[in-house]
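Please keep the structure in view while reading.

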Amino acid sequence: MDGNTLRGHLDLILLSSLEHEPLYGVAIITKVNERTGGHFTFKEGTLYPALHRLEKAGLITGEFHPAPHGGPPRKYYTLTDKGCSELTRKQKDWQAFSRAMRPFGGEA
Amino acid sequence: MNEAERFIYRGTRGLWGKRREEAQGELRSHIYERTQYHLQLGSDEHEALVRALRDLGDPHTLHLGLLRIHSLPLMMALALTGALLTGAISTLVQAQPITVQGGSHDFERVDGVYIRLSDLKAALPGTAQLTVTQANLHVRLPGMVRPVVLQNRFGSVLQQGAYAGNPLVNLVDLARELGQAGVAVNVDGWERPRVHLGSTTLDLAPGTHRTVAAELYWTELLNRTRHWFASPGSRRLGLQRMSPQDIGVIHTLALKARPGEVFALLVPQRVEKMNFSFGAVLAYSISAAGLDGSVTFTLPSLARRLHVTGELRALGQAIDVLNREPDTSALAEAYPAVVVRLDGELSSTAKPLTPVNVNLRSTVP
């Protein structure tokens, strides 16, 4: 997947990955990979600035918890109410965009 | 300090207090988890850590990303305050170089090294002529027969929208044009580069991003390598910027250099475009020596099979080989690369670059 395409939808992808459960960095990467069949791959280091940006914007909140099988504590991110609203808005935008583009996408 | 801690330190430089602590904790956890993952896949301990760090990417890119979120607004406020103070002081003490608010990250949505026209005017001698037309900026320094012209349509001058009235001038383009017009143009410094345009010094503001220095030194590299392989045929030397996503492999060379000395690592590659093929410097990295004299270069993954030599002609030989070889993937040998010392002479085209005597293989598989 082209990096620019990914960048344009990174917020939607990250917010969506936190929709049902709090997750930490590695788990978010794994989940995104699984849900997109490996289409979205990015340097893992680019994840954290994006998460911190969303946290600073009040869309998610992060909290450290002990790792269940040892190792350093993990920082779990949770969607805030504001984040939920933003996710819904972004999903609607995406659906509208996707519908509008369908005639130009060719046969699947 | 082990490799993981070194990565964490480099990735979180510039963050302070609790934010730094938390970011470091988060990275430590990430590296631990990913190392465990690679151990389970069969890597040994060292290899697992190397892979975990490689998956994370370039610590410098991470550092920039975190800095932009957490520290840049504060740094910009400090830089602005500094600039106001410096402006006030410089009107009293004319001998001091004028601080210019330069650097791509001072201006959102603009890539490149830009400075405000008003800052440029304030820095240049009163007899310098700067004329803005609808599309271009004409700059004529004392002693120049005719002005150099920076063209708006090539992005050398940005004067649309928010920049109308006080356009942004691309400092790299200005340096190049002035250099070609015979003005002595130099850059020195890395963390806080200073650009000398003839007798004028532009002191780029504190907080200016270090990529500004890399962009400026890149001009020197471009100037002074262009003639190496110039020939009437299709072969030419081009320097192609790599996107942040392409960056992934880090090479640290122990050069025993003086701290702050600037070096470039060049990797040749064959380029196929339309029906033409030519040798080019596809990957390059510019960096300054740290306090311990080592230099860290970051290159794209395509340059993993890297053989660094100290011979300048290696670059030419590599391009010759690549020009003859129809399929570069069939090359069994590592791509030769060369390390050169940059001395900041942006306007020089004839002076050869100094190759640095190193000879080692990249440790990255």
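## Contacts between the chains

In this predicted model, four residue pairs are in polar contact between chain A and chain B, both residues of each pair being at pLDDT 80 or more. On chain A, the elements α2 (25-35), α3 (47-56) and β2 (74-79) each supply at least two residues of the side that touches chain B. The most comes from α3(A), with five residues. By type, the residues of this side of chain A are nine nonpolar, seven charged and four polar.

Two salt bridges are counted between chain A and chain B. In one of them, A:R74 is joined to B:E33, and the closest N and O atoms are 2.5 Å apart.

## Extent of the interface

The size of an interface is often given as the accessible area lost when the parts come together. Between chain A and chain B the buried area is about 2,000 Å², and carbon and sulfur atoms give 58% of it. Chain A brings 20 residues to the contact and chain B brings 23 residues.

## A sheet in chain B

Chain B has an open sheet of three strands in the order β3-β4-β5, with antiparallel pairing. Its edge strands, β3 (129-132) and β5 (148-151) of chain B, each pair on one side only. From one strand to the next the twist averages 15°.

Four bridges link β3(B) to β4 (residues 136-140) of chain B in the antiparallel sense. B:Q129 has B:R140, in β4(B), as its bridge partner. Helix α7 (residues 171-180) of chain B packs on the sheet and touches β4 and β5 of chain B. The direction of this helix makes about 150° with that of β5(B).

Conventions
Residues numbered from 1 in each chain as written. Chains lettered and ligands numbered in written order. Predicted model: local features only at pLDDT ≥ 70, side-chain atom pairs only at ≥ 80, totals over all residues. Heavy atoms only, no water. Contact = heavy atoms within 4.5 Å. Buried area = accessible area lost by both parts, 1.4 Å probe. Salt bridge = Lys/Arg side-chain N within 4 Å of Asp/Glu carboxyl O. Polar contact = N/O pair within 3.5 Å; in protein donor to acceptor, adjacent residues only side chain to side chain. Nonpolar A, V, L, I, M, F, W, Y, C, P; charged D, E, K, R; others polar. Pairing = 2+ DSSP bridges. Axes fitted to C-alpha atoms, helices over the stretch in contact; angles between N-to-C directions.
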